[in-house]
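Me: I would like to go through this structure in questions and answers. Please show it before we start.

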Amino acid sequence: MIRFDAVSKHYPDGTKAVNELTFEAPTGQITVLVGPSGCGKTTSLRMINRMIEPTGGRIWIDDQDTASMDETELRRGIGYVIQHAGLFPHRTIVANIATVPRLLGWSKRKAEARALELLERVGLPAGFARRYPAQLSGGEQQRVGVARALAADPPVMLMDEPFSAVDPVVREQLQDEFLRLQSDLGKTIVFVTHDIDEAIKLGDRVAVLRAGGHLAQLADPAYLLAHPVDDFVADFVGKDRGYRALSFQASRHYSLTREATVPLGATAAQATAAARGGWILVTDDSLHPLGWIQPERITATIQPEMLQRGGTVATVGGSLRNVLDAALSSPSRRGVIVDNQGALLGTIRAHEVLVEIEERARPELQLEDAAEEAPS
Amino acid sequence: MTWLRDHIGEVLGLTVQHTYLAGVPLILGLLIALPLGWLARRYKGLYLLLIVGTGLLYTIPSLALFIILPFLLGTEILNPINVVIAMTIYTVALLVRTVADGLGSVPDVVSQSATAMGYRRGRRLISVELPLAVPVISAGLRVAAVSNVSIVSVAALIGVQQLGSLFTDGFDRDFMEPIIVGVIACVLLALAFDGAILGLTRLATPWQHAGKPAS
C-alpha cells in the first residue's frame, strides 16, 4: 500500500504543483491518477520514488516513511515505466531489462536469464535480446520498458503515461496485455494518464486531480461514471459516460434467440430456406460466426467476399457495452453472442439488451462521500 | 625522390616523434577535459567561465607558448615536455566544450530513467551518460587531433625535432624535397589519427551501427 498523507509540492516561485494530497493506493491494485495538464499527477508520481522531493507531508510505502529511506535503495525497489520507454540506447534489449538486477548485484548470468524470461512474458521474441532499442518499434520499446520495470520483481510499480506515445491500435493491445500481466502479478501500481478512457479501463481506483494538485474525486471507475462529485469531474469523465458505464456491468441473464446458420459454400436456395428477416448468419465448421448475408445477393454459392462483416461479436458474460454494441452494429439487427471458444450461442436484439440495462442497479451513491465533499 | 630514399630512417624517426608529441597530449587533454566538461555541465554558473576560459587558451600563439613554458616550468627549452604540455593545453581548450555538449546531448528521459532505476550519480555518469556522449566527444577529438598534428610542427622553430624540422631544414637549404615530404607525412599522420579515432569510436558505439532489422 502507498499512502499520501497531506503531501504538497510548492516551488520557491510560489507555484503549487501539489497541494495537501491525501489518498491511498491499495496493495495489489491499479490506482490511476488522471487529470488535465498542470494537475500535478506526474509530480505526485515522482514524489513516490523521490525523483522529486515533497515540500510537505509524508508518503508511506506499507509502514515505511519514504523520506527515511536511502533514495537509491528506494528506487531499486520500485519499478518505473515512462512515456517513450526511456530505454538506454547503447545497451542491448537484454541488458536494458537486466539493469536493476545488475544494480542489485545479481550475477550477469542470472540477470540475463531473468531478462530473457521477461522478454517472453511481455510478448517479444527471444531474437530481440541482442538488438538495440532503436531497432524496435515504439510499441515494442514500451514492452521492453515494462519488462525492465518488472525485472527485479518489485512489489510497487510507477507508470507515467506509458502507453501515450504509441498509435491507438497498439495502445489498446498494450493495455490489454498489461491488464493480463497484472492479473497474474498483482503489483501495487500507481498509473498516471491524461486520458480518462485509459483511466477507466485500467484503474481499480481512479483519482481525478484538478489543476494545482487537488484531489477532486477518488472512486472505482463505475462509481466515478455514475456519480461524478462536481461539474469538473462530470466534464472530465465525458459526455458519453452513461454508455461507457455499461463497460463495468457484466451481462448475465439475457435470453438468446437460436439462430439458424449456413456454412460457406452453401447455395442460394439453402440460404433462403434458413434466412430470417432477410438475413442469414454464415459460420465455419466449428460454428464461429463469419458474417451476415442476404440470400438474394448470393450468386451460386456463398463466397467469403460476399459477407457483411460490420457486426461486432460479444462473448457471453462480457460487458453490457459489448453486447449492446453487437446488437447495434449487426446488419441484421441481431447481435451475435459467442461462447468463450468463439462458437455461436445465439443472437439478441437491442431492445432486449435495453431491458436488461434498465433492470440493473447503478452504483449506490455513498452519502458519507457526498458529505465529505460538501463545502465546509 | 633520391633524398627520401637516403633519409627514410630519419623521416620515420621524425614521424614517430611527431606522433608522440601530438598523440600524448590528445590523451592527457581528454583526461583533463572530462572532469572540466562535467563540471561545466553540472554547474550552470561554471559553464560560461570554463568554456570561455578554456576557449581563450586556444588563442595563445603556439610559438609564444613554446617559449614561455620553459620559463614558467623551469625546464630546458629543448625539452620536448614543453611541447607536450603546450599541446595538452590546446587539446583541453578544444575539448572542454565538446565534453560538456556531449554530456548535454544525452536525452533527459534517459538520464531520468537511469536515476529512477536506482543509479547513483557517479555510476550513472560512467555507465550511461559518458557512453552516450562518445559520438559528440569523438567529433571534437578528431578536430583536436588534426589541429595538434599541425601545431606541433611549429615546435621546429625552437629546435624540438619532429616532421616540422623538415620544413625548417628545407627552407634553410632552399631545397624543396624535404618540405614536400614533410607536408605529405603530416597529412598522412593527420589522416591516421582521424582513422584511429573513427575506428575506436565505432568499437565503442556498436548501437549506432546496428541498423534497422528487416521486419
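Me: How many Å separate the centres of domain 1 and domain 2 of chain A?
Reply: The model is a predicted one. The domain assignment of chain A gives 2–239 as domain 1 and 261–359 as domain 2. Taken over C-alpha atoms, the separation of the two centres is 41 Å.

Me: In what order do the 6 strands of the open sheet in chain A lie?
Reply: The pairing in this sheet is mixed. From one strand to the next, the twist averages 15°. Its edge strands, each pairing on one side only, are S6 (78–82) and S10 (214–219) of chain A. The order in chain A is S6-S7-S8-S3-S9-S10.

Me: Which residue of S7(A) stands opposite Ile82(A)?
Reply: Strand S6 of chain A spans 78–82. S6(A) is joined by 5 bridges to strand S7 (residues 156–160) of chain A, and the two run parallel. The residue in S7(A) opposite Ile82(A) is Asp160(A).

Me: At about what angle to S8(A) does helix H1 of chain A run?
Reply: Helix H1 covers residues 41–48 of chain A. In chain A it lies across strand S3 (30–34), S7, S8 (188–193) and S9 (205–210). Relative to S8(A), the angle is about 150°.

Me: Which elements of chain A give two or more residues to the side that touches chain B?
Reply: The contact involves 19 residues of chain A and 17 residues of chain B. By class, the chain A side has 9 nonpolar, 7 polar and 3 charged residues. The elements giving two or more residues are helix H2 (71–76), S6 and helix H4 (99–103) of chain A.

Me: Is Ala6(A) buried or exposed?
Reply: Ala6(A) is found in strand S1 (residues 2–10) of chain A. Its phi is near 50°, a positive value in a residue other than glycine. Most residues other than glycine have a negative phi. Because Ala6(A) has 12 other C-beta atoms within 10 Å and the cut-off is 12 or fewer, Ala6(A) is exposed.

Key
Residues numbered from 1 in each chain as written. Chains lettered and ligands numbered in written order. Predicted model: local features only at pLDDT ≥ 70, side-chain atom pairs only at ≥ 80, totals over all residues. Pairing = 2+ DSSP bridges. Helix = DSSP H or I, 4+ residues; strand = E, 2+ residues; numbered from the N terminus. Axes fitted to C-alpha atoms, helices over the stretch in contact; angles between N-to-C directions. Contact = placed C-beta atoms within 7 Å. Nonpolar A, V, L, I, M, F, W, Y, C, P; charged D, E, K, R; others polar. Domains from an automatic or database assignment. Buried ≥ 20, exposed ≤ 12 C-beta atoms within 10 Å, placed from the backbone.
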